[in-house]
Amino acid sequence: MYKVGIDLGGTKTEGILLDDSLNIIERKRVSTPRNNYQEIIETISNLTIDLSTNTKEFTVGICTPGAISKKTGLLKNSNTQCLIGKPLKEDLEKKLEKKILMENDANCFAIAEATMGVAKNYSFVFGVIIGTGVGGGIVINRQIHHGRTNIAGEWGHHTLHQNGKQCYCGKKGCVETYISGPALEQDWEEMTNNHKPLPEIIIDFDNPKFVQWKQEFLNNFGTGLANVIDILDPDVIVLGGGLSNIGFLYSDGIKNVYEKVFSDLVDTPILKNSLGDSAGVFGAALLN
Ligand SMILES: [Zn+2]
């Protein structure tokens with residue numbers, strides 16, 4: 001059975017066709033019509049048809065920004081605004097006349113790294129995405145663990161500071177409001193009156209504010225992930241998203257996490273992903 005995987009991103013949509021040994025047969029990338037829901041449906045179905053032209057039997061998995069509500073079946077918490085409240089899965093199944101599987105980007109990332117990536121030799125994997133937002137996915141024995149209400153692993157909205165920063169989700173002090181890329185850039189701006197992108201901040205060691213900024217970042221990163229380890233105690237944590245490229249997370253960051261875990265025996269590997277931007281599209285294909 002062949003596998004089609006589609007990664008619906010904010011700016012680009014990528015598709016892949018894998019054979020049953022997970023070899024890449026074909027790969028394609030198109031731009032996402034991000035403001036038009038109907039065009040997004042067309043784009044995904046055209047890409048699927050295109051990739052599967054020469055295959056009789058195939059499955060389809062889609063990686064989406066945002067989560068599907070277990071209550072309504074509608075998409076929520078998506079940064080591609082026109083998808084919010086839409087029955088994307090249902091509409092695509094109608095269009096393709098085929099059952100499909102759909103997961104958010106953190107779950108696709110986690111299953112891809114747990115099956116083909118840096119965590120393939122571990123059975124209990126916590127995959128983390130830290131970028132524009134903060135997400136997480138749990139994979140146990142190569143199966144995504146969704147939880148009773150489909151929110152398992154969503155550590156980005158754990159409360160870090162009870163009266164902290166306002167989050168778009170309605171709560172205050174969520175992990176995401178402290179360690180997402182935009183949150184860290186905002187902190188820097190408040191400290192220095194200077195706005196610059198994260199890749200420039202992390203090399204600005206000589207700035208007198210750098211030590212304080214970095215320490216607060218590490219404390220929040222450490223508390224957030226230590227809480228996850230205390231509850232799940234996974235075999236490995238894999239970091240993905242733009243911030244996974246920050247080198248000090250694998251030295252000072254890990255040290256900070258370990259200091260906060262409720263155990264004198266913590267040695268949980270915290271690893272950089274190995275699939276990079278391809279995790280979404282591989283994960284989508286692996287959903288079936
Ligand atoms: Zn939140």
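This report describes a zinc site, several strands and helices, and a few single residues of a predicted model.

## Basis of the description

Residues are numbered from 1 along each chain as its sequence is written, and side-chain values use heavy atoms, with hydrogens and water left out. Because the model is predicted, local features need pLDDT of at least 70 and side-chain atom pairs count only at pLDDT 80 or more, while totals for chains, interfaces and linings use all residues.

## The zinc site

The zinc ion is coordinated by His157 through ND1 and by Cys167, Cys169 and Cys174 through SG, at 2.0 to 2.4 Å. Donors here are N, O and S atoms within 2.8 Å of the metal (3.2 Å for Na, K and Ca); water is not among the atoms, so sites may look incomplete. The angles among the four donor atoms are 105 to 116°, and the site is tetrahedral. Four donors count as tetrahedral if all angles lie between 85 and 135 degrees. The ideal angle for four tetrahedral donors is 109.5 degrees.

Along the sequence, the donor residues follow the spacing H-x9-C-x1-C-x4-C. His157 and Cys169 both lie in the loop between strand E10 (143-144) and helix H4 (176-179), so the pair ties together parts that are 12 residues apart in sequence. Helices (H or I, at least four residues) and strands (E, at least two) are DSSP runs, numbered from the N terminus. His157 is buried, at 17% relative accessibility, whereas Cys169 is partly exposed, at 35%. Buried means under 20% relative accessible area, exposed over 50%, and partly exposed in between (1.4 Å probe, protein chains only).

## Strand E1 and its partners

Strand E1 covers residues 2-8, and six of its seven residues are buried, so the strand is largely enclosed by the rest of the structure. E1 runs parallel to strand E4 (residues 58-64), and six bridges join the two. Two strands pair if DSSP finds at least two bridges between them. Gly5 has Gly61 as its bridge partner in E4.

E1 also pairs with strand E2 (residues 12-18), here in the antiparallel sense and over six bridges. Asp7 is bridged to Glu14 in E2. Three residues lie between E1 and E2, and the two strands form a hairpin.

## The sheet with E11

A further group of five strands forms an open sheet in the order E10-E9-E8-E11-E12, with mixed pairing. Its edge strands are E10 and E12 (270-272), each of which pairs on one side only. E11 and E12 pair in the parallel sense over three bridges, and Leu239 has Lys272 as its bridge partner in E12.

Ile237 lies in E11 (residues 236-240) and is buried, with a relative accessible area of 0%. Not counting residues up to four places away in sequence, Ile237 touches Phe126, Val128, Leu225, Ile229, Thr268, Pro269, Ile270 and Leu271. Contact means heavy atoms within 4.5 Å. Ala284 is 47 residues from Ile237 along the chain, and their C-alpha atoms are separated by 20 Å.

Helix H5 (residues 181-192) has 12 residues and spans 17 Å from its first C-alpha to its last, close to the expected 16 Å. The expected span of a helix is 1.5 Å times one less than its number of residues. Buried residues of H5 are Gly181, Ala183, Leu184, Glu185, Asp187, Trp188 and Met191. The cover over them includes H4, helix H6 (198-201) and helix H7 (210-232). H7 has 23 residues and reaches 33 Å, close to the 33 Å expected.

Asn193 has a positive phi of about 60° although it is not a glycine, and at 74% relative accessibility it is exposed. Most residues other than glycine have a negative phi. Just after H7, Asp233 also takes a positive phi, of about 45°.

Glu93 is found in helix H2 (residues 88-96) and is buried, at 15% relative accessibility. Its side chain reaches the backbone nitrogen of Ile100 at 3.0 Å. Leaving out residues up to four places away in sequence, Glu93 touches Lys98, Lys99 and Ile100.

Glu97 sits in the loop between H2 and strand E7 (101-104). Its phi is positive, near 50°, and Glu97 is exposed, with a relative accessible area of 74%.

Conventions
Four donors count as tetrahedral if all angles lie between 85 and 135 degrees; four count as square planar and six as octahedral if opposite donors are over 155 degrees apart and all others between 65 and 115; anything else is irregular. A polar contact is a pair of N or O atoms within 3.5 Å; within protein, one must be able to donate a hydrogen and the other to accept it, and residues adjacent in sequence count only if both atoms are side-chain atoms.
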